[in-house]
Amino acid sequence: MVEKKKSGYWLTHLGLILGILFIFFPVWLTFVASTVTQDAIIQPPLPVIPGGEFFENYANALFRGAPEGYGARVPVMQMMINSAIMAIGITVGKIVISLLSAFAFVYFRFPFRNLCFWLIFITLMLPVEVRIVPTYEVVANLNLLNSYTGLIFPLIASATATFLFRQFFMTIPDEMVEAARMDGCSPMRFFIDILVPISKTNIAALFVILFIFGWNQYLWPLLMTTDPDMQTIVMAIDSMIPTGDDFAHWPTIMATAMLAMVPPVIIVVSMQKFFVKGLLESDK
Amino acid sequence: MEKRVFFKGWLLPVMLVAPQLIISFIFFFYPSGQAIWNSLFLPDPFGLKTEFVGLDNFRFLLSDPYYLASFKTTIIFSTAVSVSSMAIGLYLAALADRLIKGAGVYQTLLIWPYAIAPAIAGVLWLFMFNGNIGLASYYLKALGYEWNHTLNGDQAMFLVILASSWGRISYNFLFFLAGLQAIPKSIIEAAAIDGASFWKRFGTIVIPLLSPITFFLLVVNIVYAFFDTFGVIHTITSGGPEQSTTILVYKVFSDGFVSQDLGSSAAQSVILLVLVGILTVIQFKYIERKVHY
């Protein structure tokens, strides 16, 4: 701030706090709804202060599903495990194949290098939603429906991580390779002992971005999984919401929504520094 | 940009790029090619045989009032989502940038919604505007305004725009804040000494210096509104009422999986492929420039 005027200072804080309230309010309301009884919700207006049913509702959501009489009883514990496996699978898979191919592109000259580079470049930014029907057929023909492999692999085919690592490897001084070669270091040795360790912060940054990307996948698991044991929490919440005037146990649904939000939010907040770096540099 | 020192050999690097290439071929190139191929055929209703129809699927689409309506819906929707979330993001970033202390705390409090899945954001807003129990619809009713987004197309559109923009503010905030913090303070101070007011400085110095990042964000946000908002629309409206919130990617899904109209769905995929291709080229031009600076 250039000038120092008191009124402007307080207005700045006020504006930011209003923005934060707008962002927090829907989540707060969801939290409140996950801590009260069904009766408190279906008689509007909804309370804005949490009730005393926190443990009851979350235990229901996690291990038992909605109480008797409110449709299918699906506990979400298994779904959270599935979401975690899918998110970590996508994250690790993407980072590993990208590190390997970026290493090849930057440190080697090989036949069709430019062609390979362009083939990978084309996959940049084209989301799975665009080619959803034929991708589904491929996965169905490979007998990968309702499997973790089928959930994970189609989402690994993207080039953003490869480009990020390539950019980073370009900034590493040539002397590093020269020194390594002089000491008789093999390429893979150089990769494992030098390149991967100095890429630590980039790997952490990508980890945050890709974990969120993986955890929040919606359309792909929705099509892929017909077996309730393979569903992920983000996609399953849609089937819990009533259509029309059906009865729904709102406290359980809202507890499920909270459970679907908490893991990625914890990762963003606890790894904020890496998250900001990853977002600003990889933009996807 | 190129390295001058390399390792020798060609077998090892080929093996290193192989995993990514193989996955790209199986799950990217083959399905994309398949989409292009299918778009030239018309399967009979029983799926027993397909007939080559050339570009008829495209011709039919471009004269289909539902498809053109979906195009228009997509343009309105993505413009509204991009502009509103960028405006709020810039506003909050400009405020946070004014603070000497505490900007970090505000940053933490503003960026976490990035982690919320669009489908979950949809559920939160659906709950607030639910006709029977929602807090927002309850108070709107008390004010004499009848809210029913399951019947009223404009209200449905408003709700999906609201839910989609809400989750996107943090992304735009973060990029604008980084852009603002990169502007040298000495330029701003020089203008202030010359007597330029805050708004004058904002309009004549800050906005022009932010224009590359604004352009970049516009492209990225349009791509987000085109594809990533699928979850919001599926949870809140399922494209309804009467297709009033059916954006293009939702139509690919509903024609391909719900109505099983594979030829048309494939043709729609191809059109989307072309649109994203154009956006990618535009964005790459931007990245290239940023790298060379």
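B:Tyr66 is located in helix H3 (residues 65–98) of chain B, helices (H or I, at least four residues) and strands (E, at least two) being DSSP runs numbered from the N terminus. The model is a predicted one, in which local features need pLDDT of at least 70, side-chain atom pairs count only at pLDDT 80 or more, and totals for chains, interfaces and linings use all residues. Residues are numbered from 1 along each chain as its sequence is written, while chains are lettered from A and ligands numbered from 1 in the order in which they are written.

B:Tyr66 counts as exposed because it has 12 C-beta neighbours inside 10 Å. In this classification a residue is buried if 20 or more other C-beta atoms lie within 10 Å of its own, exposed if 12 or fewer, and partly exposed in between, with C-beta atoms placed from the backbone. Between B:Tyr66 and B:Thr50, 16 residues apart in sequence, the C-alpha to C-alpha separation is 24 Å.

Chain B comprises 12 helices and two strands, in the order α-β-β-α-α-α-α-α-α-α-α-α-α-α from the N terminus on. Its C-alpha atoms fill a box of roughly 75 × 75 × 30 Å along the principal axes. Buried residues make up 43% of the 293 residues of chain B. Of the contacts in chain B (C-beta atoms, placed from the backbone, within 7 Å) with a separation of 6 or more, 69% join residues 24 or more positions apart.

Helix H11 (residues 248–258) of chain B is mostly covered, with eight of its 11 residues buried; among them are B:Tyr250, B:Lys251, B:Phe253 and B:Asp255. After H11(B) comes B:Gln260, which has a positive phi near 60°.

In chain A, helix H14 (residues 250–270) has 21 residues and spans 30 Å from its first C-alpha to its last, close to the expected 30 Å, which is 1.5 Å times one less than the number of residues. H14(A) has a kink of about 30° at A:Val262, shortly before the proline A:Pro263; the bend is the angle between axes fitted to the seven residues ending at a residue and the seven starting there. Since 15 of its 21 residues are buried, H14(A) is largely enclosed by the rest of the structure.

The contact between the chains takes 81 residues from chain A and 82 residues from chain B. Helix H1 (residues 6–33) of chain A gives the most to the side of chain A that touches chain B, namely 11 residues. That side has 62 nonpolar, 11 polar and eight charged residues, where Ala, Val, Leu, Ile, Met, Phe, Trp, Tyr, Cys and Pro count as nonpolar, Asp, Glu, Lys and Arg as charged, and the others, Gly among them, as polar.

Conventions: Two residues are in contact if their C-beta atoms, placed from the backbone, lie within 7 Å.
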